[in-house]
Amino acid sequence: MVALRHREPARRIRRATLALAVVSALEMAILYNPALDPSRVYYGTDTRVFSLLMGAWLAFIPYARIEELLRQTAKRVFHKGIPATLDVVGALGLAGLVALALFTNGYSTFPYRGGIALASALSLMLIAGCLSPNGMVARAFAFEPLVWLGKRSYGIYLWHYPLLLLMNPASDISDKPWWVYVVQVLIVIAVSEASYRFIETPCRHGAAERLLHSALHDRPALLSWAKRHIVILVISGATVLVALGGLIFVPVTSALSDEGAALLQSDGTDSSTQHAAGTGNGGGDGSAQGQDMPEGAYDITMIGDSVSLRAVDTFTQTFPHGHIDAAMNRQFAAGVDVYHALLDQDFAGRIAVFALGTNGPISPDDLNSLIDMAGESRIIVFVNNRAARLGASPTTACSPTPLRSTTTSRSSTGLPPAPTATSCSTATASICPTPVPQNTSA
């Protein structure tokens with residue numbers, strides 16, 4: 001805007017805009033770390049502005065110039081002209097967006113290292129395809145239901161997330177029939193339609209300015225308007241008061257222990273907590289010996305993310321010869337590195353508990369790699385924080401995960417041979433038998 005006000009040449013502004021978009025996309029790729037929470041990269045204005053800048057870059061190119069450039073490019077590449085070039089570009093952009101939606105996900109490195117930039121470029125292609133008023137792509141997107149949906153798309157974007165959170169609380173992991181999702185989508189569309197009709201459209205036509213003018217210069221007209229809309233004002237006022245009451249009077253609660261809460265409120269210089277009990281090289285008393293475990297190894301080690309901070313006190317009381325290591329925003333790969341360090345120091349005992357997965361997905365390859373690292377003489381327990389999928393309702397008993405399966409020898413506690421890898425959801429913990437003894441030295 002500053003450049004436009006100073007009457008800078010459009011070509012110079014266009015080039016600068018594209019250059020800034022490239023810098024933003026590169027910054028996202030460089031700052032992204034698979035082992036850390038991606039929120040900074042995903043929500044950061046500087047790392048996401050390339051999409052807006054790419055759209056601004058396209059806006060600086062006249063439609064006739066776009067069509068001319070495409071025809072010249074097609075002639076150089078294919079040595080002949082291609083009719084309806086914008087339609088081809090738009091169709092390719094649409095096909096690419098559909099492919100990204102079907103074959104990619106937000107938990108891999110691809111979106112942050114070129115995937116989102118690619119989606120933005122494909123969107124530009126689709127927009128360019130719609131510029132030709134008589135083109136096939138433009139006519140397809142002029143279909144009345146699509147136009148209706150497009151006008152309300154931003155409202156749908158704003159409303160869908162809070163509504164879905166209200167309709168699908170995290171504590172509800174039950175399976176739902178297909179029609180429940182249809183109803184939820186219809187509710188989102190209905191609320192978005194109400195927002196479009198009663199908030200967005202009046203504001204676009206100057207309702208906010210007229211209301212402000214009446215409040216400042218025409219009090220009788222404002223009072224008359226308030227009397228005509230008394231019911232809506234009362235409902236809106238009550239809603240605002242309830243919301244404010246919730247923010248002011250509802251006590252702050254935390255699932256963290258005192259130690260974990262203090263950690264999260266720190267300045268971020270120490271983002272993890274380690275706690276060990278007992279004596280010896282690794283904090284144990286040698287109780288893991290006799291099971292082909294290193295001397296001085298802990299009986300049990302637990303590696304988790306911020307959710308596991310709540311378990312620090314209980315863990316150390318229940319397993320006096322154990323070790324727990326929990327950290328904020330910990331990804332599975334970082335947890336594997338922690339366990340690898342324990343193995344290198346001969347501190348890892350017979351039982352290892354991994355409470356990870358809150359901050360990102362875990363692939364079967366990663367799990368099998370961890371099992372190979374631990375070896376067949378150890379028991380590994382994976383604790384899931386949620387199991388909202390078919391066959392994993394709260395009434396379903398736990399079973400070994402479909403990983404590489406081996407068994408361990410009978411321990412000194414008399415436990416039967418246990419699978420090397422088992423998985424329990426915390427939602428089903430009360431009915432999940434876990435092969436972890438409280439003290440293997442007993």
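1. Tyr-298 and Phe-347 are both buried (under 20% relative accessible area with a 1.4 Å probe, protein chains only). The model is predicted: local features need pLDDT of at least 70, side-chain atom pairs count only at pLDDT 80 or more, and totals for chains, interfaces and linings use all residues. Residues are numbered from 1 along each chain as its sequence is written, and side-chain values use heavy atoms, leaving out hydrogens and water.

2. Seven aromatic pairs turn up in a search of the whole structure (ring centres of Phe, Tyr or the six-membered ring of Trp within 6.5 Å). One of them joins Tyr-298 and Phe-347, with centres 5.9 Å apart and planes at 75 degrees, an edge-to-face arrangement (over 60 degrees). Tyr-298 sits in the loop between β1 (272–276) and β2 (300–304) and Phe-347 in the loop between α17 (332–344) and β4 (351–355), so the pair ties together parts 49 residues apart in sequence. Helices (H or I, at least four residues) and strands (E, at least two) are DSSP runs numbered from the N terminus.

3. Tyr-339, Phe-354 and Phe-382 are linked by ring pairs into a cluster.

4. α17 packs with α18 (residues 364–374) at about 5 degrees, the axes being 11 Å apart; axes are lines fitted to C-alpha atoms over the stretch in contact, with angles from 0 to 180 degrees between N-to-C directions. The two helices are therefore roughly parallel (angles under 35 degrees).

5. In α17, Phe-332, Val-336, Tyr-339, His-340 and Leu-343 meet Asp-366, Leu-367, Leu-370, Met-373 and Ala-374 of α18 (contact: heavy atoms within 4.5 Å).

Conventions. Phe/Tyr/Trp six-rings, centres within 6.5 Å; stacked < 30°, edge-to-face > 60°. Buried < 20%, exposed > 50% of the residue type's maximum accessible area, 1.4 Å probe, protein only. Parallel < 35°, antiparallel > 145°, perpendicular 65-115°, else oblique.
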